[in-house]
Amino acid sequence: MDTREKTDAFVCKTYVRHGKAFVSGKGMYLTDEEGQVYTDFLAGIAVCSLGHCHPEVTEAVRNQAGRLVHVSNLFYTQPQADLARALVEKSFAHRVFFANSGAEANEAAIKLARRYFYDKGQSNRFRIITMTQSFHGRTMATLTATGQDKIKQGFSPLLDGFYHVPFNDIDALTKALDDSVCAVMMEPVQGEGGVIPADPEYLSRVRSLCDRTGTLLIFDEIQTGMGRCGTLFAHEIYGVTPDIMTLAKALGNGVPIGAMLATEDAAAGFGPGSHGSTFGGTPLATAAGLKTLTLISDLRFLAQVKEKGRYFKKQLKGLQARHPRIKDVRGKGLLLGMEIDDGAGVLVENCFKKGFIVNAIQDKVIRFAPPLIVETKDIDRLVSVLDSLL
Ligand SMILES: Cc1ncc(COP(=O)(O)O)c(C=O)c1O
């Protein structure tokens, strides 16, 4: 049996996979079992932002794996302490809770928001408002929070107390926000929803609304954070700061890790015994996270992400001018979406045949989330392939 046959026979059938099995990766490139090389414009869905097998991250993981992998959170470990400090120093936050994935980081944020008001004697303040078309994960709480019906199908009864309003609609949020709401949770740029950025005015009005009503504002930066949008966190572009932020995906450059960051005030909701995770913040994962964060948060690195994002968007807009099938080009930094009439899935397959990995959302939007080390020559090659395919 080959890899594909074994996977299809023994792994749950939750994923629709492409026909290839990859065996190695380096920088922008992935190699399959037959030795065919692909240029990766997806980075494992916005995860391998420093490129595949970045030598310094590999070295950090290798060193840590030979020293200490896991001891549990009953004890202190230096990599966890160092990553927490670095995240706090580079963000609005004062405290970090470590998890293993995006969904778990969001679970922590949801639990913190409820517990925060419970501790204040306001246990009736438990509702959480999220946005339609949002995506927050696949656990029961996070799929309830997610504003897309298709991922909820067959999992009822869902959790109580979640309410969705249309994204970028301040009136809808204003109407929904009463004194039973503990938190508003949203992505600054909706990723899985089709690469849809928040309007700057909307986001600052959301902040004011939360301030006025004492509601916690949670930004899910699992896809948009860690330099993806050209600043370390996407909310920096907007100049709007949340009370709680979640990270995962690129935080470990491929090593599974999630984190929930909170202000001192909000974090007060998590006292001893209120939440936990066996694997959250292991020495191995946090060593990878610290190295990744150090490299990505370098200002010169972030400046080049912005510059290449601008260049890529301009090239895609150029395509749009030539191809009426393209309805819109949008996004921030190197998280870009190209909306087409339909047939995004076919276009993705055809790109794959030409040696490029891109991704389709809802058969309408091509998502580009390349490693942040992408070069203009890679962009030019992809754009020329798209040009011929369109
Ligand atoms: C914005 C956002 N939140 C949460 C998640 C869930 O992360 P994970 O798949 O690591 O649980 C994702 C994954 O795509 C995401 O894009």
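Reader: How many residues surround the ligand?

Author: This is a predicted model, in which local features need pLDDT of at least 70, side-chain atom pairs count only at pLDDT 80 or more, and totals for chains, interfaces and linings use all residues. Residues are numbered from 1 along each chain as its sequence is written. A residue is near a molecule if its C-beta atom, placed from the backbone, lies within 6 Å of it. The closest to the ligand are Ser101, Gly102, Ala103, Ile222 and Gln223, and the shell numbers 15 residues.

Reader: Which helix gives the most to the shell around the ligand?

Author: Helices (H or I, at least four residues) and strands (E, at least two) are DSSP runs, numbered from the N terminus. The leading contribution to the shell is three residues, and these come from residues 102–119, helix α5.

Reader: By class, how many residues of the shell are charged?

Author: Ala, Val, Leu, Ile, Met, Phe, Trp, Tyr, Cys and Pro count as nonpolar, Asp, Glu, Lys and Arg as charged, and the others, Gly among them, as polar. On that division the shell around the ligand has five nonpolar and seven polar residues, and the charged ones number three.

Reader: Which residue does a cis peptide bond join to Ser156?

Author: Omega of this bond is about 0°.

Reader: Is Ala43, with its positive phi, buried or exposed?

Author: Ala43 is found in helix α2 (residues 43–46), and its phi is near 55°, a positive value in a residue other than glycine. A residue is buried if 20 or more other C-beta atoms lie within 10 Å of its own, exposed if 12 or fewer, and partly exposed in between, with C-beta atoms placed from the backbone. Because Ala43 has 30 C-beta neighbours inside 10 Å, the residue counts as buried.

Reader: Where does Val195 lie?

Author: Val195 is not a glycine, yet has a positive phi of about 55°. With 25 C-beta neighbours inside 10 Å, Val195 counts as buried. Its place is the loop between β8 (189–190) and β9 (196–197).

Reader: What is the bridge partner of Met245 in β12?

Author: Two strands pair if DSSP finds at least two bridges between them. Strand β11 (residues 244–247) has both faces covered, with Ile244 and Thr246 buried on one side and Met245 and Leu247 on the other. Strand β10 (residues 216–220) pairs with β11 in the parallel sense over three bridges, whereas β11 and β12 (residues 258–262) run antiparallel and are joined by four. In β12, the partner of Met245 is Leu261.

Reader: Which residues is Leu143 in contact with, leaving aside its neighbours within four places in sequence?

Author: Leu143 is in helix α6 and is buried, with 20 other C-beta atoms within 10 Å. Two residues are in contact if their C-beta atoms, placed from the backbone, lie within 7 Å. The contacts of Leu143 are Gly137, Arg138, Ile151, Lys152 and Phe155.
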